[in-house]
Amino acid sequence: MKKIIFVNLVVTLIWLLSMPKEKEEIIMEEEKIEEEIIKEIEEEETVVITKYRPLSGETDDTPLQTADLSEISMLKLYRGEIKWVAVSRDLLKKYGYGSKIKISTGDPDIDGIYEVHDTMNKRWASRIDILTHPNHPLGKGRWEGKISKI
């Protein structure tokens, strides 16, 4: 058994030493990409995703100001120039204000990269609210999806 292991080790070393540098770099790059993909998959979380509008009935008494004190531009929101979310307090610990998160639901109207700027009511957990312009439809209202930090 020891001879087989030794032979395998010697063959592997000879093979590695005979490889041109370019192939070594390609293999190292492939391994790095594979590690990043595995890390991203491991860090995904399943959450409930809803939409909210910056209106008094759906927020606090300052609907155009987020929890991190960012001001919501209705024009930029209408044009889709800002993609912000509110996260439940349990998620805020991991995805702090300013964090970029990737949302995947299978719905092209929802999937994408968003920035965390707001916090949801304390009664919610494992939940994300997507900021939506009042003139835009809310869609089906609730999705289950995966999120990961970018």
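I looked up S126 to begin with, and S126 is partly exposed, with a relative accessible area of 32%. My cut-offs: buried is under 20% relative accessible area, exposed is over 50%, and partly exposed is in between (1.4 Å probe, protein chains only). S126 is in the loop between β4 (112–119) and β5 (127–131). Its phi is near 50°, a positive value in a residue other than glycine.

I noted that this is a predicted model, where local features need pLDDT of at least 70, side-chain atom pairs count only at pLDDT 80 or more, and totals for chains, interfaces and linings use all residues. Residues are numbered from 1 along each chain as its sequence is written, and side-chain values use heavy atoms, with hydrogens and water left out.

Next I checked confidence: pLDDT is the predictor's confidence in each residue, from 0 to 100. The protein chain has a mean pLDDT of 86, and 82% of its residues reach 70 or more.

Then I found another positive phi, near 70°, at L69. L69 sits in the loop between β1 (45–52) and α3 (74–79) and is exposed, with a relative accessible area of 60%. Helices (H or I, at least four residues) and strands (E, at least two) are DSSP runs, numbered from the N terminus.

Last, I went to β5. How many residues of β5 are buried? I got 5 of the 5, so β5 is largely enclosed by the rest of the structure. R127, D129 and L131 point one way, I128 and I130 the other.

Strands pair if DSSP finds at least two bridges between them. β5 pairs with β1 in the parallel sense over 5 bridges, and K51 has I130 as its bridge partner. β2 and β5 run antiparallel, joined by 3 bridges, with V87 opposite I128.
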